[in-house]
Amino acid sequence: MMSDLDEAIELHRAALLLYPSGHSDRSKSLNNLAASLRDRFQQRGMMSDLDEAIELHRAALLLRPSGHSDRSMSLNNLAISLRDRFLQRDMMSDLDEAIELHRAALLLRPSGHSDRSKSLNNLAISLRDRFQQRGMMSDLDEAIELHRAALLLYPSGHSDRSKSLNNLANSLQDRFRKRDVQSDLEEAFSVYSQLSYLSHAVSRIHLNAAKSWAASADIFNHPSALLAYKVALKSLDQQVALLSSSSHHFDVVRKAVSSLATDAFSCSVRRGALTTAVELVEQGRAVFWTQLARFRTSLDELSVSGDAGMVLAEEFKRLSFLLRNAFDQSEDQSPQIRQLTMQWDQVVSRVRLLPDFSCFLLPPLFSDLQKAAEDGPVIIVNASRRSCDALIIHSMGDPVYVPLDIKQAGVSEFSSEFQSLAQQFGSSDYQLTLVGILRKLWNDVVDPVVQALKESEVRPGSRIWWCPTAEFTLLPLHAAGPYEKGRDNLSDIYISSYTPTLATLVRARQQVSRDASSQHFVAIGQGNPVEGKELKCVAPELAVVARHVTPVISFTSLEDSNATVEGALDALNRNQWLHLACHGMPNRTQPFESSFAMRDGPLMIKDIIRSNSQNPQFAFLSACHTTVGDKKSPDESIHLAAAMQFCGFRSVIGSMWSVDDEVARQVVSTFYRKLIGDSKRLDCTGAAVALHKAVRSLRKKKIPLEQQIVFVHIGV
């Protein structure tokens with residue numbers, strides 16, 4: 001917390017006043033204040049803090065003359081701060097001075113000194129900086145020799161070894177680009193390959209080094225590229241396992257993930273490794289949800305595998321329950337949560353030692369993921385810096401590759417244009433613009449996929465599932481079409497659903513539907529929330545739901561004063577079927593605070609995560625923006641509909657933008673009538689077809705196009 005750092009600085013200032021010139025501890029006090037000011041500079045970027053830190057380090061160095069035990073530390077601290085200032089102001093004099101100070105510090109840290117490796121590394125980094133400014137090969141040559149020397153002091157298992165490997169590999173690549181000597185490039189990748197053998201607990205630095213390896217191998221088309229992506233994604237998985245019990249860490253996860261999975265997919269496709277592409281993209285997307293889903297893993301097989309399995313299953317359940325309930329608790333609990341996470345990780349490791357459980361909670365193989373396509377093909381649509389591609393996964397055989405004639409920049413531009421347009425829905429005439437976007441989406445992305453589906457003999461009227469990545473997640477793939485007389489749009493050919501990941505769809509398929517007699521349906525309606533305008537159609541909408549479902553299932557409703565945060569959470573825990581009619585409030589910067597507006601406040605995603613639904617089946621989210629997530633990390637799918645799905649609901653209907661009240665009521669009425677049909681029973685696997693029919697019925701009415709395509713189906 002910045003307030004803690006501000007207070008620390010003021011306390012260091014007060015202490016310094018009590019250590020006047022000549023006091024034996026004055027140099028320590030100067031150093032401590034300088035270190036805290038540098039920390040604050042790194043957080044806030046105020047140059048005045050860094051300038052003051054440099055002057056304080058200079059003063060401390062004067063009090064630590066030749067022979068002083070702390071002189072090398074002062075030389076190092078001043079050099080590091082000067083390099084920080086060089087990186088901000090580009091003053092070569094700061095960098096030159098930093099290099100001379102690092103040289104002086106290194107002389108005071110001879111062979112055997114505990115900090116020699118740090119000094120070697122720091123001097124090498126500054127020399128490489130100077131090479132990048134002045135292009136003097138002697139600086140780069142020296143940096144490489146220093147990095148080699150530092151690496152020798154970081155044996156296998158050392159926590160700083162991965163950083164040292166990365167530094168040396170980057171410098172060798174620099175020299176290859178200048179001199180084109182193949183041995184430098186070969187050595188760089190030989191160095192990188194050592195990242196796959198590290199035995200210590202994976203750190204963020206190790207993850208960054210593995211990502212650097214993957215990016216470099218991809219650029220140079222090196223044979224180690226796929227191995228590099230696998231190592232990076234394995235490191236990511238281990239990092240997320242330690243961070244996923246709090247949304248406070250979401251920024252860390254977001255930076256760690258970046259485009260790793262989509263780049264891995266592209267690299268695999270370009271190398272013809274299509275099943276690997278599916279495995280890798282799955283491993284690096286929705287990583288927060290994937291880890292949270294592990295806390296809900298079914299343990300039936302483990303429990304009956306023997307005494308050891310039964311004990312581990314109970315311990316796993318206990319720790320998973322505690323971790324899920326601890327989600328997003330105060331930062332004060334971080335040490336306890338970290339301890340719980342480590343215990344949970346140890347239990348998982350012990351389970352993997354049991355016969356038949358060696359793959360317990362490991363990332364799924366293609367053969368596991370292919371089960372997602374049991375009831376129809378799943379189409380992964382991927383956007384990456386190097387290529388945009390689609391893969392169609394069928395229930396049998398290898399994936400089918402579909403090249404897309406669009407670049408990532410084009411997808412980003414396309415997505416931004418659509419997001420801007422979506423904000424105007426309901427307030428201006430934009431029909432022609434919308435149709436233009438849907439046509440472009442058809443031509444560039446969807447039509448090539450449809451042609452490939454037809455070639456694979458996927459019959460018209462079949463269900464298909466879209467699994468988009470990156471900016472594709474923000475586009476209405478289900479609504480694409482030529483929008484011309486005599487030509488079919490996608491919705492005339494296939495029935496579209498979405499899934500954020502294949503594993504999510506597999507989990508939903510594996511859940512067994514219980515007999516409807518043991519299931520319960522709740523409709524929650526809040527037309528008068530504490531914040532937000534009144535929704536007059538909520539009561540009529542709930543009446544429509546009640547009329548359709550009461551004859552076939554145990555039904556209750558919560559309305560107005562009863563539709564509170566606590567009431568809704570209690571209903572989530574007790575019911576398998578949910579209809580929610582209220583305001584949806586997306587939060588694009590703090591996605592875990594996206595919420596449904598209840599009478600007494602927001603029902604947030606982080607509250608829903610802590611719910612404990614029993615065999616949930618279906619949720620109809622009749623609210624605005626329920627599939628809108630974090631704009632900086634669309635691949636994480638942190639939105640209201642995904643929260644429902646990852647909490648166990650097998651089938652979910654949500655909205656991509658604002659929903660008109662009256663349109664919602666009409667869709668809801670037709671949807672439940674079609675879902676129940678002549679069978680007089682509820683089956684969540686019929687939701688996509690029922691929604692498809694309900695939406696088609698709107699075409700005959702004078703309803704704006706964007707309201708005809710606003711609802712989407714997610715899941716089975």
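Helix H13, spanning residues 260-270, is mostly covered in this predicted model, with 10 of its 11 residues buried. Among the buried positions are Leu260, Asp263, Phe265, Cys267 and Val269. Just after H13, glycine 272 adopts a positive phi of about 75°.

Arginine 271 belongs to the loop between H13 and helix H14 (274-283), and aspartate 218 to helix H10 (residues 204-219), so the pair ties together parts that are 53 residues apart in sequence. Arginine 271 is partly exposed, at 27% relative accessible area, whereas aspartate 218 is buried at 4%.

In total, the structure contains 39 salt bridges.

| Salt bridge | N to O distance |
|---|---|
| Arginine 177 – aspartate 174 | 3.5 Å |
| Aspartate 237 – arginine 294 | 3.0 Å |

Arginine 294 counts as buried, with 11% relative accessibility. Salt bridges with shared partners also join Asp6, Arg40, Arg44 and Asp49 into one network.

Arginine 177 and aspartate 174, by contrast, both lie within helix H8 (residues 161-179), three residues apart, or about one turn of the helix. Arginine 177 is exposed, because its relative accessible area of 51% is over 50%. Aspartate 174 is buried, because its value of 11% is under 20%.

Notes:
Residues numbered from 1 in each chain as written. Predicted model: local features only at pLDDT ≥ 70, side-chain atom pairs only at ≥ 80, totals over all residues. Heavy atoms only, no water. Buried < 20%, exposed > 50% of the residue type's maximum accessible area, 1.4 Å probe, protein only. Helix = DSSP H or I, 4+ residues; strand = E, 2+ residues; numbered from the N terminus. Salt bridge = Lys/Arg side-chain N within 4 Å of Asp/Glu carboxyl O.
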